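Please keep the sequence and the structure in view while reading.

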Amino acid sequence: MISRIIKEPVVKDLLRLIENSERVVITCHLSPDGDAMGSTLGLWHVLSTLGKQVYVVTPDMVPKNMMFLPGAKDVLPFTRYAEFATKLLTEADLIFCLDFNDPKRVDRMADVLMSSAARKVLIDHHLFPSGFTDLTISHPEMSSTCFLLFKVLCDLGLYSRINRNAAECIYTGMMTDTGNFSYNSNDPELYLVVAELLKKGINKDRIYQLACNTNSVSRLRLNGYSVYRKMQLFPEHQAALICLDADELNEFDYEKGDTESLVNVPLSIPDITYSMFLRDDGEYIKVSMRSKGDFPVNKICEEHFNGGGHRNAAGGEFYGSLSDAVDKYLSIMDEYDSLLPTKITKNR
Ligand code: 5GP
Ligand code: MN
């Protein structure tokens, strides 16, 4: 039995909003990941069975490794279909905002989103939602928006509307946001939901292969190069750094998503507590950070890299050169030494 997550008055409000809306748009954060795509498409499949006109509009392109998701080809990236996406957002009765907590996370789409007269509903698991929606369902203790969405759909009485396509999408986000159930994954209920999704007919092994274990040759080589040649360790700070400049990205025919999990690799070293990955994206330096245990990388991203996120997974942007970003990282490490776990022997 799956426990309830939203209270009865919220259930009523949300059902009324859905009932009274004909035109629905579902959106998520920039550079959508498995959880963003899984939750938007999962909800899309469910609402489509209710006879609504429903569209998924993403701020930018769907990543290649998520194109296997049922419905992915029907997604409208704002960067590609700006005019049509603007019309849909503007004319919508209801907009679902999934897997993000602030309009800043939809980048250039923020103005259109915020100026739309549509009622807005947030379903998200990031800390500190900024309160930009009419109805806010925020549960930072949940490991993924997809896990949260499943529970919300159950509370709404829509379990029977979760078909195999919706189940595949929902499973994908639950899997990717927990690193295939290797972190944030000790909630027993997570596995009750997985069991329900399996009953809906999903093939979880196939989803893992397609979402997480499919590489191009150049991606494999870029990742090997990054670990072999570019990984720097700072044992006194229990920290690691990998950075890639534009020439290196070109050399390996970089495509969006190719460096997706690289930032996690140094964390497999027992004495490394946190890791940073820097990539020269042209307009800015994209910052990704991961950590183990209580070490809060979201604090570093908030305080120094125009970003934020979760304690163990955060990101941001740095405006300046790659070497300036590296210098900045090196110069701030001291500030966070007091937050490192003491059990690791320093200078070993
Ligand atoms: P990633 O390293 O995969 O890009 O991001 C990890 C997490 O950090 C995301 O799920 C998101 O919560 C957060 N994050 C990444 N980039 C940004 C950013 O530019 N701003 C903020 N506020 N959070 C970010
Ligand atoms: Mn998520």
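## The metal site

Donors are N, O and S atoms within 2.8 Å of the metal (3.2 Å for Na, K and Ca); water is not among the atoms, so sites may look incomplete. Along the chain, the donors of the manganese ion (ligand 2) follow the spacing D-x63-D-x25-H-x51-D. Asp35 (OD), Asp99 (OD), His125 (NE2) and Asp177 (OD) are the protein donors of this ion, lying 2.2 to 2.3 Å from it. Helices (H or I, at least four residues) and strands (E, at least two) are DSSP runs, numbered from the N terminus.

Both Asp35 and Asp99 are buried. Buried means under 20% relative accessible area, exposed over 50%, and partly exposed in between (1.4 Å probe, protein chains only).

## Basis of the model

This is a predicted model, in which local features need pLDDT of at least 70 and side-chain atom pairs count only at pLDDT 80 or more, while totals for chains, interfaces and linings use all residues. Residues are numbered from 1 along each chain as its sequence is written, chains are lettered from A and ligands numbered from 1 in the order in which they are written, and side-chain values use heavy atoms, with hydrogens and water left out.

## The surroundings of ligand 1

Ligand 1 is surrounded by 13 residues, of which the closest are His126, Lys286, Ser288, Arg290 and Ala314; a residue is near a molecule if one of its heavy atoms lies within 4 Å of it. Strand 10 (285–291), strand 11 (308–309) and strand 12 (313–318) each supply at least two residues of this shell, and strand 12 gives the most, with 4 residues.

Lys286 has a polar side-chain atom 3.0 Å from a nitrogen atom of ligand 1, and Arg290 has one 2.9 Å from an oxygen atom of ligand 1. From Gly308, a backbone N or O atom lies 3.2 Å from a nitrogen atom of ligand 1. On its own, ligand 1 has 490 Å² of accessible area, and the protein covers 79% of it; accessible areas come from the Shrake-Rupley method with a 1.4 Å probe.

## A buried threonine

Thr178 is found in the loop between helix 6 (164–176) and helix 7 (188–199). With a relative accessible area of 0%, Thr178 is buried. A polar atom of the Thr178 side chain lies 2.8 Å from the backbone oxygen of Met174. Leaving aside neighbours within four places in sequence, Thr178 is in contact (heavy atoms within 4.5 Å) with Ser143, Tyr183, Asn184, Ser185 and Leu190.

## Exposed loop residues

Tyr319 is found in the loop between strand 12 and helix 12 (322–332) and is exposed, with a relative accessible area of 52%. Not counting residues up to four places away in sequence, Tyr319 touches Glu283, Tyr284 and Asn306.

Asn306 is placed in the loop between helix 11 (297–304) and strand 11. Asn306 is likewise exposed, with a relative accessible area of 55%. Its phi is near 50°, a positive value in a residue other than glycine.

Methods:
A polar contact is a pair of N or O atoms within 3.5 Å; within protein, one must be able to donate a hydrogen and the other to accept it, and residues adjacent in sequence count only if both atoms are side-chain atoms.
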